Amino acid sequence: MNLPPISFKSIAIAFAAELGVDFMISLLVFGFFAGDALKSGMTDIEFEEVARQVTQTTPYVPWMMVFGTATTVGGAYLAARLAGRIPYYHGLAMGILGILFIFVTWDSGLGWMNVLGLLVTVPAALYGAHLAKKHMPAES
């Protein structure tokens, strides 16, 4: 059984874009919830305390789950559109890469969020591929 060729270049570009957007969103959302607690010249210990407060006492984590799922959809959409063919394979590849990333960055303090991420990543990526397929010419 021969699998159609996957565009690794498209996957790499889309995953890098997804990580970049995730990073920017996390900074914005963290800054929003931290508010005035963030000050210039903070020590590492002071910053870690602010981070703990934000993650444990605000809706930061649920918002990041929502935004993370949205960027997973967007990343898979981008990968499928860049590849221009076999969108579901590219979406699945993005989902698998997302799961590997979750395992690499696993945070035992947020176990439930990691598990939810594992459950949602592949379906979200396949949905992104589905959206991309709607905007692609029919394959012959």
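The model is predicted. Its protein chain has five helices and zero strands.

**Fold and dimensions**
- Along the sequence, the pattern reads α-α-α-α-α.
- The C-alpha atoms fill a box of roughly 60 × 25 × 20 Å, taken along the principal axes.

**Burial and contacts**
- The protein chain has 140 residues, and 32% of them are buried.
- Take the contacts in the protein chain with a separation of 6 or more: 75% of them join residues 24 or more positions apart.

**Charge**
- The protein chain carries 7 positive and 9 negative side chains.
- The centres of these two sets lie 19 Å apart.

**A nonpolar surface patch**
- Phe 103, Trp 106, Trp 112, Val 115, Leu 116 and Leu 119 form a nonpolar patch on the surface.
- Together these residues have about 630 Å² of accessible area.
- Helix α5, residues 111-134, gives the patch its largest share, with four residues.

**Trp 106 within the patch**
- Trp 106 is one of the patch residues, and lies in the loop between α4 (87-104) and α5.
- Is Trp 106 buried, partly exposed or exposed? Its relative accessibility is 36%, so Trp 106 counts as partly exposed.
- The cut-offs behind this are under 20% for buried and over 50% for exposed, with partly exposed in between.

Methods
Residues numbered from 1 in each chain as written. Predicted model: local features only at pLDDT ≥ 70, side-chain atom pairs only at ≥ 80, totals over all residues. Heavy atoms only, no water. Helix = DSSP H or I, 4+ residues; strand = E, 2+ residues; numbered from the N terminus. Buried < 20%, exposed > 50% of the residue type's maximum accessible area, 1.4 Å probe, protein only. Contact = heavy atoms within 4.5 Å. Lys, Arg positive; Asp, Glu negative; His and termini not counted. Charge placed at Lys NZ, Arg CZ, Asp CG, Glu CD. Patch = residues over 30% accessible without salt bridge, like charges linked within 9 Å, V, L, I, M, F, W, Y side chains within 5 Å. Areas by Shrake-Rupley, 256 points an atom, 1.4 Å probe, with all protein chains shown as cover. Salt bridge = Lys/Arg side-chain N within 4 Å of Asp/Glu carboxyl O.
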